[in-house]
Amino acid sequence: MSENREIVLFQNIRQVIKAEQWCMDNSFPVKVIPVPKPYSTECGMCLETTKDNADKLEEFAMESGMITQRIPTTNYTNGHK
Amino acid sequence: MNLYFDNCATSFPKPAAVAEAMVRHLNETGGTYGRSAYPRILQSTRLVEECRDQLAAKMGSTEAGKIILTANATTALNLMIQGICQKGGHVLTSAMEHNAIARPLEHLRQLGLIEWELLESAPDGRILVDKIASKLRHNTILVAICHMSNVNGMAQSPGEIKKAIGEIPLLVDASQSLGSHPVMVDEWGIDFLAFTGHKSLLGPTGTGGAFIRYPEMVEPLLYGGTGSGSDSFLMPSFVPDRFEAGTPNITGIHGLNAALKNRPVAQHSRDDFAALLQEVKRNSNFKVRCAADFGHQGKLFSVVHNSLSSSELALRFYEEFGIESRAGLHCAPLAHRHLGSFPTGDCRFSLSPYHTPEELNYLAKAIHDVGK
Ligand SMILES: Cc1ncc(COP(=O)(O)O)c(C=O)c1O
């Protein structure tokens with residue numbers, strides 16, 4: 001995956017699904033992936049997308065009262081990179 | 001002919017899509033909720049969240065994330081009543097309650113945590129809204145009421161009740177109403193709502209839930225894995241996770257979601273139902289239990305005969321007419337005390353959207369003949 005990709009972590013599963021739905025509705029390609037190992041105490045799914053899309057996604061999440069955390073994919077190695 | 005008139009116990013039939021969705025989940029798609037991210041899980045997780053969204057739309061809430069999926073209304077009511085009342089106080093409830101509210105309250109009273117008392121009601125059980133203020137105390141922590149009585153079908157006005165109690169939280173048991181009667185959680189200011197999936201919503205048994213507007217006011221009933229915040233031994237503070245420990249009834253939720261998306265158009269009208277009630281009321285051997293005002297009448301009513309017991313009635317309806325009705329107290333002794341039929345109970349008929357006008361006419365004739 002390219003350098004400018006990020007994962008976006010959410011507080012819970014419902015938020016991941018709502019965010020994924022929003023991305024699909026707005027034609028942003030995102031991938032639902034298992035939360036990478038270093039962050040795996042959080043819910044089991046997260047979204048992976050480009051940095052630009054993550055910006056937009058973060059805006060949506062904030063407006064919807066979701067708490068997110070963004071991590072560049074270069075920051076971890078657990079087989080998902 | 002559909003002669004099943006016990007839809008308040010559990011509705012039947014269900015839309016065909018309910019069983020199809022459940023079989024598909026069991027035999028084809030599978031998958032749990034959250035926990036990982038492979039497509040099978042993703043698909044069933046999306047569906048669980050779709051179901052929450054459908055439920056929110058049905059109850060008039062914009063906050064689907066505050067809907068907690070439980071096994072039934074009883075679990076939801078226990079979660080909320082026990083979870084709200086842990087610090088003690090005074091609770092008001094109505095004369096028409098089901099034991100799903102009365103027993104948790106009595107349990108907490110016996111533990112020495114709360115006192116509970118009844119609001120004043122009209123003869124049909126409707127809460128006298130202008131008398132509410134005189135019952136409120138400085139330590140009233142909750143008003144818990146059944147929206148639609150499962151004995152006479154009378155529906156309360158939660159919005160008026162909420163106005164009368166102001167800041168005090170209102171908990172509404174919508175077990176009979178959600179699906180068959182308008183429920184407007186946001187507009188009416190309902191703070192907590194319990195519902196069940198297998199009655200008016202036409203879903204499978206083992207489904208139901210709670211709407212919890214103020215999660216911080218409620219202690220969880222169950223503690224365990226949620227697939228979130230797993231590094232901590234404490235339950236998460238956010239919803240729905242805070243109240244959803246353990247794997248949910250995903251197969252059942254598939255069925256409930258299908259029921260919500262495939263609700264049948266009612267095959268009889270309100271006028272057909274009104275005509276049935278009028279017909280039954282004409283028989284002077286019966287006392288008919290229903291709302292005083294038809295505008296507050298839900299899809300059920302019950303009858304007391306002047307000489308036959310409720311169980312004799314139910315037996316005759318079945319043996320002579322093939323009609324399945326329900327005799328007894330319907331788990332609502334408070335309501336029967338209020339209506340004057342404790343401890344013998346009455347014989348109840350509850351309708352489904354699948355009943356045709358012809359089936360209602362058949363019921364009217366059967367009631368007439370048995371009552372002669
Ligand atoms: C008014 C009312 N409340 C609660 C319940 C409990 O529903 P469930 O058995 O699905 O928990 C019922 C069911 O009969 C009911 O009629």
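Let me begin with the word pocket: on a 1 Å grid over the protein atoms alone, a pocket is an open set of points where a 1.4 Å probe fits, with protein on both sides within 12 Å along at least five of seven lines, and its lining residues have an atom within 4 Å of a point. Grid points are joined across faces, edges and corners, and a volume is the space filled by probe spheres set on the points. With that in hand, the largest pocket has a volume of about 410 Å³. It is lined by 19 residues, and those closest to its centre are Arg14(A), Gln15(A), Ser64(A), Met66(A) and Gly65(B).

A word on the conventions: this is a predicted model, in which local features need pLDDT of at least 70 and side-chain atom pairs count only at pLDDT 80 or more, while totals for chains, interfaces and linings use all residues. Residues are numbered from 1 along each chain as its sequence is written, chains are lettered from A and ligands numbered from 1 in the order in which they are written, and side-chain values use heavy atoms, with hydrogens and water left out.

Turning to chain A, we find two helices and four strands, where helices (H or I, at least four residues) and strands (E, at least two) are DSSP runs, numbered from the N terminus. Their order from the N terminus on is β-α-β-β-α-β.

In chain B, please look at strand β1, residues 67-70, where Ile67(B) and Leu69(B) on one side and Ile68(B) and Thr70(B) on the other are all buried, that is, under 20% relative accessible area with a 1.4 Å probe and protein chains only. In a regular strand the side chains alternate between the two faces of the sheet. Strand β1(B) pairs with β7(B), residues 208-212, in the antiparallel sense over four bridges, and two strands pair if DSSP finds at least two bridges between them. Within this pairing, Leu69(B) stands opposite Gly209(B).

How values were computed
Buried < 20%, exposed > 50% of the residue type's maximum accessible area, 1.4 Å probe, protein only.
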